Each structure stands twice: as structure tokens, then as C-alpha cells.
Amino acid sequence: AMSLPFAVGQCGNQVGCRFWDLALREHAAVNKKGIYDEALSSFFRNVDTRSGGNGPDIYKGKICSLKARALLIDMEEGVVNEILQGPLRDVFDSKQLITDVSGSGNNWAVGHKIYGCQYQENIVEKLRKTAEHCDCLQCFFIIHSMGGGTGSGLGTFVLNLLEEEFPEVYRFVTSVYPSGEDDVITSPYNSVLAMKELNEHADCVLPIENESLFEIVNKIHQMINSGKLGSTVKQNSLVTSSAGSAKTLQEKPFDEMNNVIANLLLNLTSSARFEGSLNMDLNEISMNLVPFPRLHYLVSSLTPLYTLADVNVPSRRLDQMFSDAFSRDHQLIQADPKHSLYLACALLVRGNVQVSDLRRNIERLKPSLHFVSWNQEGWKTGLCSVPPVGHSHSLLALANNTCVKPTFIELKDRFMKLYKKKAHLHHYLQIDGMEQSCFSEAISSLSDLIEEYNELDATKGGPRIDPSRLKIAV
Amino acid sequence: MSIVTVQLGQCGNQIGHEVFSALCSDIRGTHGLCSKKENESYQDSCKERFFCEEESGVPIARAVLVDMEPKVISQTLSMAASSGHWKYNSHSHFCQKQGSGNNWANGYSVHGPRHKEAIMNLVQKEAEKCDRLGGFFTIMSMAGGTGSGLGAFVTQCLRDAFPTSFILNHVIWPYGTGEVIVQNYNSVLTLSHLYQSSDALLVHENDVIHKICAQLMNIKQISFRDVNQVIAHQLGSVFQPTYTAGEGSGYSRNPLGDLMETLVPHPEFKLLGLRNIPQMPENSLPYSTFSWPGLIKHLRQMLIANAKMEEGIDWQVRPPHPGSSIPSTNKPLHFNTSIANLVILRGKDVHGVDLGSFQDPSLYTPWLNPQDAFSAWKTPRAFNKYEKSASLVSNSQFLLKPLDSIVGKAWSMFASKAYLHQYTKFGIQEEDFLDCFTTLEQVISSYTNL
């Protein structure tokens, strides 16, 4: 089953770039014979380029030229141009790119209304062409940030388009939320306007906060610099590292943080690509983790953050990995799922981990976690045999948990601060198609969402009432 | 008579592979402990049931492999082929690309009708290869989307296409602490539908087999492969050839029919549990000896006390006082009442074994004659290197508590309406759920009132 990532905007494309690079690294590590296989076909086409230019797709046999199944969209050229001049240039062709020159000015309305309208046909056409090359398209990924104009505005426009054109294909969105100190003043507006679209049109959203990524990067730097581990850390195992990928030595400032997101997506799709004793496909993630349509925000955590070079990993280290997945400092947003309410939880384990390890750790951790009354054993589990590069095993945890609420409440507060004063509003309202109601509807949508989480939180710790069963006449 | 196996979904295909492996390895083994003639007769009978011969001499499993994604079937086919001792027919499989997403409704209402023709064609082909078709054996889990939903649909199709054939569904019940969050919904939907079309449901619970792996097999890091191999051993102990009547009549020619006849006297009672003793790591086998009286005693107490394995049996549980007609409500609470039981003995000195204790009327519900409620099958040919092996297939209250637990959890989730939108979008409505709950509450009630 194939997945089609869309990288929209500057952040989206920077993350996207890391993603394809690390994906190639991952497949190279597993695929020693250079045969184009089912796993590779998830994200890459195999194109015959011997006759020059774009030849037909080759479905079996040796790898000729791998092309990413992707669309790169940006209303500025800088990032995409860099990708096309870098080591990944052969992985994309011009038909997969949609760019403009002036950018969106950090204005959601420019991205959504102006560029959306302008590029709609272009996007749909390229989308259809790319989808034609997929014999079974299961999932779209949108990678973007919420705080700017293109990723946020045009990204959510694309989300809408995807729902219209391919209603049966799942829509996963990886959204980078702005922090309170974000230097884009209007990021709360952009984010809340985008949230309404995510509420209504996404199947699953994986929110990410830069602060969390930053803390992870720092944690790793500290570990390495403290000399406690020193050179015994496997470079390519660092969740923040580009080691072993096509990327040249010149690391850009956000590369480490973006590598974390790239690794998230690789782990998320690992069980759909590689074999294992208990497969977990993307449609299963949506099915199991979304009990009510609007409550589809999933908090993610990745462990381990690095591996030491010693090969023999005792079982205790394995259990530590499970514990870490639930700790605050491994979450990719500023949240603490342990102290909030779980609606559902998924554990996708990779590598040399068996069902007994999984069961033992669930038994061990369960007592300290709070699950909603109607889902007391709400665990979705997957076992994929192939570990990530540099690791013998790894764990991705996805939680549908009320701990997302503070992120949304803060966002709402920041929005209201600006909105009450009508600050910068005119930049939006002067755009064709934008009215005051867009804002009021968006904040209303966010408030409703927060309220749904509040209602669930209110049930936490309360008495468990089992509904009475059907009575049968004997 | 031959049995056609239909392997459904990841679980079904993984287990199916282990079953054929176990059967094949058993007949190739030299630990039969019986005469050459006996051994040959056993091998021929097993081959007729489960394999067909090809020119190359490598037995081909009589099986159809079905899954909605390709990875597992691909692995299963290649693992079998690389064994060198048996394989699957390279055409006898059907798969798609996108999976069922753990969604029963997707498996049943979408994949089922869409792929019915292709799947039933494969089944028909396998059925035609059998000189005499003894029935169908389907293997599936009820927690996921394909095995459960598509499995329920395929079972219905089998019933429609082969109205007089026996259908035995082997159903895997998932770990209680969750493999799939919507597993209880999928389970309720599966069991209620299977009950309409199937002749009997033979159940294995992951939690139980896991304990056997941990405590009896001494496996430290238990994998699904380990679990599946124990299940395969237990199934093999039921399906390998036996004598159901006196020895002169040859190995039983109608295993599924015999099973149904002995164990399912009434269509309201179709849930069969399975126990097999002894179970131990292979390297301990040469150092262990067992006596039949000891094994029978343990097996009987496992039945009475509803013990899942031969360790930790509660010996305090006793059947109610024999002779007096006691209404069922007076029976001690944890006493496991049976409708019918089948004991299968394999190995050394089977013929002298006294099974009178299993014919005690107090073990059984009063509305069946105890002679009709109990059967024994035997063979002197040892199974899978066990000098003596005893199996119990029981139609009793074995599964009452687990079933009740599953229905209870599903009901609790249903009352909150969680996840229902995932099912309604594929055509399974709330009323459909209610019908299924009603069916299962009826089954629970029937078994409770034994």
C-alpha cells in the first residue's frame, strides 16, 4: 500500500527533505540486493531512466532510479530549489513541484484563499498524475507548520482538496505548532484558522511542538558532551542525526529537529512497509485511535533517542524503552500523558522484541495510567521485525490523550489576546473570501474541541459505572 | 476424506503454516512407537486428509490462503516452500494491498462481496481435488479486520455453496489486555455471525497459550511463533488420524463429521474448548514418563475445574453428588458443566486405558444420555514425539467466562458509542450491533443454565 506525502511550505519541505533522505537510508540498510521490493514501493517509484528523462515505471527487478511519491509545494522557491540542487535532486522531478516566488507573508488567508484558488487546478492535476502511479493508494501525509502562511493556509487547502478528490484515502497530518515565543506575531491566527480545517478534514493529526524537539536535541547534546557516553554512541542511531544519509556535512540549524519528525514518520509507516509478527497498517491506526471523529489528535513519542555501540542489550534496557515512551521528555509536544486521560494508546515496536516483552510492559505500566472507563484495556499493538538504522529495537507510542488540551488552550489564549484588540486583522480581512465569520467560526471550532476534552477529563477518576447488559428471557 | 483449510488474515495464515508444518513433521518422524504397518496407515490417512501429492513428491497442503495485504501470505508461502518437506499450491492464495484496517465492517461488507467470486473459485478448486470432501476448517482471529470480518463472510459463503459439508471454525481469542482496541466489537460481530453458518467453533485463547509457553514450555522471550506452534501441536493432536470405532475399521474417514456428531448435539451450543497434556519443551521429552491413569486424572480435573493447563489445577472443585437429581442452579459455582466431551489418546498402551471417570453423569447436563455425551478416540501411534498424549475437546462452560467478559467490555464501549462511526461508514449500523449482542447474550444464557 502506498503513501503519498505532501510537503507544504518552508517547514514542511525542510522536514520532507530529511524524511526522504532518511527513508532512502533506511531502505538501503535493509535492501542489500538492490531489488525494487514491496517495501520500497510504499514511498518510491522505480523509473527506467536509461532512455533519458522519464521512462516507464519498473515494478520488479533491480532498482534503476528511485523517485519519491511526493508533492513539494511552496510559495517561495528557496527551500525547494535547495532540495533540487542537493543530493536528493534525482529523487524528484519537476512535475512534482509547485512553487511561486513571493511567499505568503505569514498570512493564512493568502495561502488558503489566494494561492489555493490560483493553484487548485495545478495541484489536482499533479495529484492525479502522482496517484496514477500508485496501484493502491492508502494514505496521504501532509507535512507543514501551523504558524506561517503557506504551510498553514495552502496546506489546509490541499487537505480539503484531498478529501474532495480522494475521499477514501486516509489523511494524516503532521503539524508543527508554534510556540509562545514564535517570532511570527500572527502565528496564533494562522494556527487557529488552520485548526478548524484539521478538525473537519483530517483523519489523524500528529501535533509537534518545536520546544519539545529542541529539548530532545539538547538532551542528546548534553549526553554526548558530558563524556559519559562519548564515542560509544552510534552516530547513525541518534534520532536527530543525518549520519549515513545522502546529506552533506553542512548541517542546517533545524536539521536535527527535523530528523526527529522524519523518524516519527518512518516509524509510523514501518509496519506497513516491513514484515513482522503483528502488522500495523496506517488504516489500523486511524481505526483504533479515533473513537470519535473530531478527537483525532495523537501525541507521539519516540524511544530510544540513541543507541550505544554495545550489541548485547539486556532485557532491563528494553523495559526502560517502554517506560521512556510514557515520560514527559520523550513526547513531541509539551504534554504529560501519564497524568491525563487516555482514550486510546498504540505501541508500535520495531526490532527484536516479542509479544511477551510487549505484554510484560503493558502489565507493568498500565496501573499508573488513566484510561477512559469504556476503554480500560485500550491498547493497539504492532510488532515489526525490522529495526530502525543503528538500533536493535525501537518504540513509537501514539496516544489519544486529553493532555493535548493545554496546547490548544494556550493557542486559544494567544489568539484571543490578538483578536480582542483586532491586531493585524485587516491583513486577513482584506483578502477576497475572508470575513470576520471565518475567525469567529474558527475560534468556535477550537473552543468546542477543548470542551470535548474537558468533558472527558471530568470523567477521570470518577466511579466506573458498567452499563447494564441486555436481559434474555430464559 | 479430505479437509480443505482456509487460512484468513495474518493470524490465520501464520497459524495455518505452523499446523501444516506440525502435521508434516509428525508423519515424517520416526517416533511413532508402533508397527511399520500402523505407521504407514497413519501417514496415508494424514496425507489424504491434509495434503495432495504432486509429481515431485512434495506434499501440497490442501489450503486456500486469504489476506487483504500481501506481506504475510508472501512470507507464509516462502517459508513452507523452503522447508523442502511440504508446500502450498502456488496459485491457491488471494490477497489485496490495503488490508482491512482492523475494521470488521470493512472485511465483511466491503472486501467480502467484492472478492467473493475470486475466493470461492479457489475454494472450489481445492474442493474438487478431494476424492471425498470431508469439510472445511477455517483459521482466523476475531480481533482484527480480515480474519474476523472477511472470515465471517467467507464462512457464510461456504455454507451457501456447500450446504451439506461440515464447517469447523478455528477462532483465536486475543489477549485480554488488548492487541486491538476495537477487538471486543470485532469479536462480538464475528462470533454472532459465525454462530449462524458454522457447525462448531474451536477456540484458542492467546492468554492461555501464552501461559503454557511461559510456565510449561519455559520459553523466556515468547514470540507469536512460539504461541502458534503450541496451538499447532494442540490442533494436530485432534486432527491426526485416530480410530473412532474398534481398530478393525481402520482410521476414521470422516474426522470433522465425527467431531460434530460427538460434540455438537444442539445448535445452540457450538463453542468447543481444547486441552492437551502433557506439554513440555522438546528437550525434556526423553526424560519424562507419564502414566495413563495420571494423565486421565489430571485431564478430568482440568475439565471439572476449568483449568487451562496441567499446572495450578484446583483439586478442591468437585462435581455435585452423583445420583441425586440436582437442579443446575445448585451446582457448585466453579464447577464446569459439560454437554459433551471427546478424549483423544495417542501413543503407548492406549488400549487398556480406563476412561470411566469421564462417563460420570454428574459431569454432564442432565438432558443428554451420558453414554452419548462422551466419546473416546485412540491410536497407538505416538504424536509429535510425545510417548503419550491426551487431548480433550469439550463442549462445556469452558468459554463462558471469557465470552461474558468480551461481551461485557464490548457493551460498555457500545454504550458510550465510541468507534461506532468507523463501522457505520462501512454499513454496519447500531441495530446490527444490537442483534449481535442479543445473539451472544442468548448463548451466554444457554451455557450458564446448563
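Me: In what order do the strands of the open six-stranded sheet of chain A stand?
Reply: This is a predicted model, in which local features need pLDDT of at least 70, side-chain atom pairs count only at pLDDT 80 or more and totals for chains, interfaces and linings use all residues, while side-chain values use heavy atoms, leaving out hydrogens and water. Residues are numbered from 1 along each chain as its sequence is written, and chains are lettered from A and ligands numbered from 1 in the order in which they are written. Helices (H or I, at least four residues) and strands (E, at least two) are DSSP runs numbered from the N terminus, and two strands pair if DSSP finds at least two bridges between them. The pairing in this sheet is parallel, and the order in chain A is E5-E4-E1-E6-E7-E8.

Me: Which strands form the edges of that sheet in chain A, each pairing on one side only?
Reply: Strand E7 (residues 170-177) of chain A is joined to E8(A) by six parallel bridges, and Val176(A) has Ile208(A) of E8(A) as its bridge partner. The strands that pair on one side only are E5 (97-99) and E8 (204-209) of chain A.

Me: What is the average twist from one strand to the next in the ten-stranded sheet of chain B?
Reply: This open sheet has mixed pairing in the order E6-E4-E1-E7-E8-E9-E10-E13-E11-E12, with E6 (93-95) and E12 (374-379) of chain B as its edge strands. Axes are lines fitted to C-alpha atoms, for helices over the stretch in contact, and angles run from 0 to 180 degrees between N-to-C directions. From one strand to the next, the twist averages 20 degrees.

Me: At about what angle to E8(B) does helix H6 of chain B run?
Reply: Helix H6 (residues 183-197) lies across strands E7 (133-141), E8 (167-173), E9 (200-205) and E10 (271-277) of chain B, where contact means heavy atoms within 4.5 Å. Relative to E8(B), H6(B) runs at about 165 degrees.

Me: How much area is buried between chain B and chain A?
Reply: The contact takes 52 residues from chain B and 55 residues from chain A. Buried area is the accessible area (1.4 Å probe) that two parts lose on being put together, summed over both. Carbon and sulfur atoms give 53% of the buried area, which is about 4,300 Å².

Me: Which helix gives the largest share of the side of chain B that touches chain A?
Reply: The elements that give two or more residues to this side are H1 (9-28), H3 (70-83), H12 (400-415), H13 (420-424) and H14 (430-448) of chain B. The largest share, eight residues, comes from H12(B).

Me: How many salt bridges cross the interface of chain B and chain A?
Reply: A salt bridge is a side-chain nitrogen of Lys or Arg within 4 Å of a carboxyl oxygen of Asp or Glu, as between Asp404(B) and Arg469(A) at 2.8 Å, N to O. Lys97(B) and Glu38(A) also meet in a salt bridge, at 3.3 Å. That pair joins two chains, because Lys97(B) lies in the loop between E6 and helix H4 (104-129) of chain B and Glu38(A) in helix H2 (residues 38-41) of chain A. Across this interface the number of salt bridges is five.

Me: Which residue does a cis peptide bond join to Ile277(B)?
Reply: Omega of this bond is about -10 degrees.
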